[in-house]
Amino acid sequence: MQWSESYRRKVTTAEEAVKAIKSHDRLWVHAGCNNPEELIRAMTARADELEDVEVAHLLTFGAADYTEPKYAKSFRHRALFTGGNVRQAVNEGRADWVPVFLSEIPRLIYSGLQPVDVALIHVSLPDEHGFCSFGVGVECTKAAAERARIVLALVNPQ
């Protein structure tokens, strides 16, 4: 089977994709402006079905609704860099801040000290060989995507 056939069979909605997230999973969210907004919204919409899901990432510029008090039973954020969208949750004790050098994070992921069950990433459309780009956000997401049990990718058609 060619990669393009396999790819087409995996394309689905964000709502359907996030059904792969289970209670007690540890998630990695693509950082910066690569925050996969549609996947985050769909995941947060499932809050009543989920319990104790850890959401880890570097600084993100998008929504971080999973840090709101009403989702405390469903999600716990692990901030490796603390941005404005999660700072209040960290300050109020609803999220954890881990002081770490950026260069150390891939090793934490590869070693299992920062486990990743599900990676929520944002990528380009596949090229003619089936390769996608992480765009400007390779940082630690490559390690998370390689170690994750499941990778949910929001594909940017641009």
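**Loops, sheet and surface**

Author: This is a predicted model. His24 sits in the loop that runs between helix 2 (14–17) and strand 1 (26–29).

Reader: What is the phi of His24 near?
Author: The phi of His24 is near 75°, which is a positive value in a residue other than glycine.

Reader: And is His24 buried, exposed or partly exposed?
Author: His24 is partly exposed, as its relative accessible area is 49%.

Reader: Where is Asp52 found?
Author: Asp52 belongs to the loop between helix 3 (37–45) and strand 2 (53–57). The phi of Asp52 is also a positive value, near 55°, and Asp52 counts as partly exposed at 44% relative accessibility.

Reader: Changing topic: what is the order of the strands in the sheet?
Author: The six strands form an open sheet in the order 4-3-2-1-5-6, with parallel pairing. Strand 4 and strand 6 (150–156) are the edge strands, each pairing on one side only. From one strand to the next, the twist averages 25°.

Reader: Which strands does helix 3 touch?
Author: Helix 3 packs on the sheet and touches strand 1, strand 2, strand 3 (75–79), strand 5 and strand 6. The direction of helix 3 makes about 130° with that of strand 6.

Reader: How many bridges join strand 1 to strand 5?
Author: Three bridges join these parallel strands; in one of them, Val29 has Leu120 of strand 5 as its partner.

Reader: Lastly, which residues make the nonpolar surface patch?
Author: Leu59, Phe61, Phe81 and Leu102 make this patch of about 370 Å². Leu102 is partly exposed, with 41% relative accessible area.

Terms used:
Residues numbered from 1 in each chain as written. Predicted model: local features only at pLDDT ≥ 70, side-chain atom pairs only at ≥ 80, totals over all residues. Heavy atoms only, no water. Helix = DSSP H or I, 4+ residues; strand = E, 2+ residues; numbered from the N terminus. Buried < 20%, exposed > 50% of the residue type's maximum accessible area, 1.4 Å probe, protein only. Patch = residues over 30% accessible without salt bridge, like charges linked within 9 Å, V, L, I, M, F, W, Y side chains within 5 Å. Areas by Shrake-Rupley, 256 points an atom, 1.4 Å probe, with all protein chains shown as cover. Salt bridge = Lys/Arg side-chain N within 4 Å of Asp/Glu carboxyl O. Pairing = 2+ DSSP bridges. Axes fitted to C-alpha atoms, helices over the stretch in contact; angles between N-to-C directions. Contact = heavy atoms within 4.5 Å.
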